Amino acid sequence: MHCMRSLMSDVKKNFSYNIIFQIFTIAMPLITAPYLSRILGASGVGIYSYYFTIANYFVYFAMLGVSNYGTRSIAKSNDKDRDKAFWNIYGVQIIASLIVFCVYILYVINTKNENRVIPLIQSIFVLSAAFDINWYFFGTEKFKLTTIRNVIIKVSALIAIFIFIKDKNDIWLYTLIMASSYLLSQMIMWIYLFKEIKFIKPNFNEMIHHIKPMLILFIPIIAITLYKMMDKIMLGNMTNMDQVGFYENGEKIIRIPALIITALGTAMLPRMTSLNAAGEKNKFYKYIEISIEFAEFISIAVVFGLSSVSEVFVPIYFGKDFTPVISIISMLSISLIFSSWANVIRTQYLIPLSKDRDYVISVFLGAITNVIINIILIPKLLAIGAVIGTIFAEAIVSIYQTFAVRKELNINLYFKSIVFYFIPGFIMFMSIKLILRFLSFNIISLFFIIMLGACIYISICAWYWYLTKSPMFNILKKTFNKVRR
């Protein structure tokens, strides 16, 4: 019993640290968004987003699936084998990173437009992939260390933005601050790495042995980026940078709740891998059930909450020039219901059990769906066309993964546990819409209705958890007690 409590405590700590880590990854652009939207305008935001997305593609190729594979491998390794596993995996990563970096420089050289300086500066970001060893610390469940590092770097960059970015011509300086922060953030972790492991010369044959499973996990990552990131590239090529800017700012808002779900999956991946290896099936399946209910509890609240306040939130937060973002936020939030479900299935079942084939097929189906819908709808509906493509892509991924695990997981139980949340979500939505009729649109009223909506939703859910004796009630009760202390 003591062991079980200790296990849950570690999971909660890792989850908490990873939430902080993930939130700070995008908290800075979220905090600076009102300022940058007014300084750089929709076009400036779009230009940065467009070239950052392209650079990010190169980073994914440089990492070559190391993030998930490395985390899983380190989690499985004992202390004796960990040093060797790390250096052989990292050997593959450094070679891939240097090759990709050279290819990226060729891309920059062949970029012929007035914005060439932006992709050139982004080469710093691409280079940072060569030093990214977060996967080692995730595998050893040292989330506190990565979180502290991330917070310090992000806050420093945040301060630099407000000090140095003064007009729309400073977009190059903004790009430099952001790219340099990524590189510095990765390099700092090496100081702590050498306190944990000793250097072992990578063995070529063992490096080759790691490449195949890396590629298996890398293929779905690339497929995921097709419908997670290709939207902005296609928007930039098929419409204009203003549309990219609108889509980027809408996506920034959706990323916050999405990262809570991602943090849950990242924190649970090494633990679920360990539980499966130890044969502790009861705990393994119980965690999945709780995780899915928690993920959908968050995502359904976000869908109804954002839809109800977006028309007030967008003009206040981004400015009147970004009114197209209202409909983007309301529609894009729907994708969270599907992505949250799929994230739990993927990170807590498919990857820990090495069921990579189902993972690969699902994301490729999603990618193909997204690209086809984008080609058809973006020329007609602009950014909204990209939003529709994302929703359908996430739905396809979620449906296929659910179908693939239907015999191993109790899908009917999961559906029954989450369908209720649409009721408090709808009640919250209608309550907020009614109240907005009698309030003026300002920051105070926005804060008031967000807090009121959260209270309505959580109160109804808590009542439901209490009546059904749901594990979610115990989680809420413990959280409330900690806050009260």
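Reader: Which residues of helix 19 are buried?

Author: This is a predicted model, where local features need pLDDT of at least 70, side-chain atom pairs count only at pLDDT 80 or more, and totals for chains, interfaces and linings use all residues. Residues are numbered from 1 along each chain as its sequence is written, and side-chain values use heavy atoms, without hydrogens or water. Buried means under 20% relative accessible area, exposed over 50%, partly exposed in between (1.4 Å probe, protein chains only). Helices are DSSP runs of H or I, at least four residues, numbered from the N terminus. In helix 19, the buried residues are Ser-445, Leu-446, Ile-449, Gly-453, Ile-456, Tyr-457, Cys-461, Ala-462, Tyr-464 and Trp-465.

Reader: How does the helix spacing work in general, and what span does helix 19 have?

Author: An α-helix has 3.6 residues a turn, so residues three or four places apart point the same way. The expected span is 1.5 Å times one less than the number of residues. Helix 19 (residues 443-468) has 26 residues and should span 38 Å; its end C-alpha atoms are 37 Å apart, which agrees. Just after helix 19, Lys-469 takes a positive phi of about 55 degrees.

Reader: How many disulfides are there?

Author: A disulfide is a covalent bond between the sulfur atoms of two cysteines. The cut-off is sulfur atoms within 2.5 Å. This structure holds 0. Cys-102 is partly exposed at 49%, and Cys-455 is partly exposed at 44%.

Reader: Where is Glu-196, and what does its side chain join?

Author: Glu-196 lies in the loop between helix 8 (171-193) and helix 9 (204-228). A polar contact is a pair of N or O atoms within 3.5 Å; within protein, one must be able to donate a hydrogen and the other to accept it, and residues adjacent in sequence count only if both atoms are side-chain atoms. The side chains of Glu-196 and Tyr-136 make one of 3.2 Å.

Technical notes. Helices (H or I, at least four residues) and strands (E, at least two) are DSSP runs, numbered from the N terminus.
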